[in-house]
Amino acid sequence: MSANPEMLATADPALSERFAERIGGMINDSAVIVMIALGHRLGLFDAMGDSDRQTSPQLARRTGLAERYVREWLSVMATSRIVEYDPAERTFQLPPEHAASLTRSASPDNLAVTARFIPLLARMEEPIMACFRSGEGLAYDDYPCFHEVMAEDSFQTVVCALFDTIIPMVPQLQERLEAGIRVLDAGCGRGLALVEMARRYPCSEFVGYDLCAEAFEPTRARCREEGLDNVRFEARDLRDFDEPGSFDFIASFDAVHDQADPQRLLDGIARALRPGGVYLMQDIAGSSHLENNMAHPLGPLIYAISCVHCTPVSLGQGGPGLGTMWGEELARSMLESAGFGHIVSHKLEHDPFNVYFIASHDERPRA
Ligand SMILES: C[S@@+](CC[C@H](N)C(=O)[O-])C[C@H]1O[C@@H](n2cnc3c(N)ncnc32)[C@H](O)[C@@H]1O
């Protein structure tokens, strides 16, 4: 199959040229994003963010990396105007305004963390092509370092905002956590938010369930070393989650749409809450209807992550493949079907990717 030459002949040349320029720009920018992710992982931005002008050999020495590769990386950064280049001195500098978006000390505003999703998507080209042909899905361990990339991202959106923004959103939650309650993180991944809460609220008990033990294993090991004994993790397929009246507060961070059976999980969560309990669901901000997402600033990225990750991991478990952009309308109606009578949603300034639903059975949750 190829485009019909008669149809091509009807194309407006000016529009064609503008479109080709746009695609050329996108190709250029995508190459830069891959190099940004690499620079983040190798600590190159961090080594530039806290120092003045450096030559390529100086940066190579500081980072312990091979100079020939560092020089080539710096050339990408210079030609894309991410770093400034002084040809007389052959020095490079990361301006402070750029360091504010690309270094670890800029966290939670470090966009290099989000950039990591792009090479991760690209590495999946072959298996995803096979999925397009077969209609089948994939397993989590088909994805190289997914849990690591996810944890770095949710550290910025969830952990960094946990105590100042997210917990205070839920009425009386902080007081009840201090007094001592039972908490579940459903689909906890690395479980970093859970551990932060366990440290801060020693009277409460924290449980993290996730399909993939390798996601939370490094965190569990750290908790053991630290002697943190009010948090535990368990490898669980939440498709049959059913622990009635067991928890006072349940959270899920960006996890429901990936599940084998999202509706059954929500039903189970509704049953698992004790009287006065609350469910906090962080999930993707957007509409269930494509036509409403046409102006969504992150629309292409979210649908791409959906196509290459969220849809296949759900289909791979025999799930419905809701996709990342399952949307707020569907999310709300599924929460209602689960029996939640009181649902409010919040958008938080620091996290444009997500919406935060607070769902309870009672009008006035106690947490
Ligand atoms: C997008 S990740 C989010 C992880 C974590 N909450 C975070 O914010 O970093 C979705 C998580 O859901 C888990 N998950 C997917 N299907 C599951 C299932 N059937 N049962 C339990 N967990 C599941 C995955 O293993 C993964 O860790």
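**Before starting.** I am working with a predicted model, in which local features need pLDDT of at least 70 and side-chain atom pairs count only at pLDDT 80 or more, while totals for chains, interfaces and linings use all residues. Residues are numbered from 1 along each chain as its sequence is written, and side-chain values use heavy atoms, with hydrogens and water left out.

**Ligand site.** I looked up the shell around the ligand and found 20 residues, the closest being Ser154, Gly187, Asp210, Phe253 and Gln317; a residue belongs here if one of its heavy atoms lies within 4 Å of the ligand. By kind, I note 9 nonpolar, 6 polar and 5 charged residues in that shell, with Gly counted among the polar ones. Helix H10 (residues 146–157) gives the largest share, 4 residues; helices are DSSP runs (H or I) of at least four residues, numbered from the N terminus.

I then checked pairs of N or O atoms within 3.5 Å. An oxygen atom of the ligand lies 2.8 Å from a polar side-chain atom of Ser154, and a polar backbone atom of Leu211 is 3.1 Å from a nitrogen atom of the ligand. For Arg236, a polar backbone atom is 3.5 Å from a nitrogen atom of the ligand. I also record that the ligand taken alone exposes 590 Å², of which the protein buries 98%, by the Shrake-Rupley method with a 1.4 Å probe.

**Salt bridges.** My search of the whole structure gave 19 salt bridges, each a side-chain nitrogen of Lys or Arg within 4 Å of a carboxyl oxygen of Asp or Glu. In one of them, the side chains of Arg116 and Glu148 meet at 3.0 Å, N to O. Arg116 lies in the loop between helix H7 (111–115) and helix H8 (117–122) and Glu148 in helix H10, so this pair ties together parts 32 residues apart in sequence.

**Backbone.** Most peptide bonds are trans, and most residues other than glycine have a negative phi. I noted a cis peptide bond from Ser107 to Pro108, with omega near 15 degrees, and Pro108 is in the loop between helix H6 (96–102) and H7. Cys145, in the loop between helix H9 (125–134) and H10, has a positive phi near 50 degrees.

Terms used:
Polar contact = N/O pair within 3.5 Å; in protein donor to acceptor, adjacent residues only side chain to side chain. Helix = DSSP H or I, 4+ residues; strand = E, 2+ residues; numbered from the N terminus.
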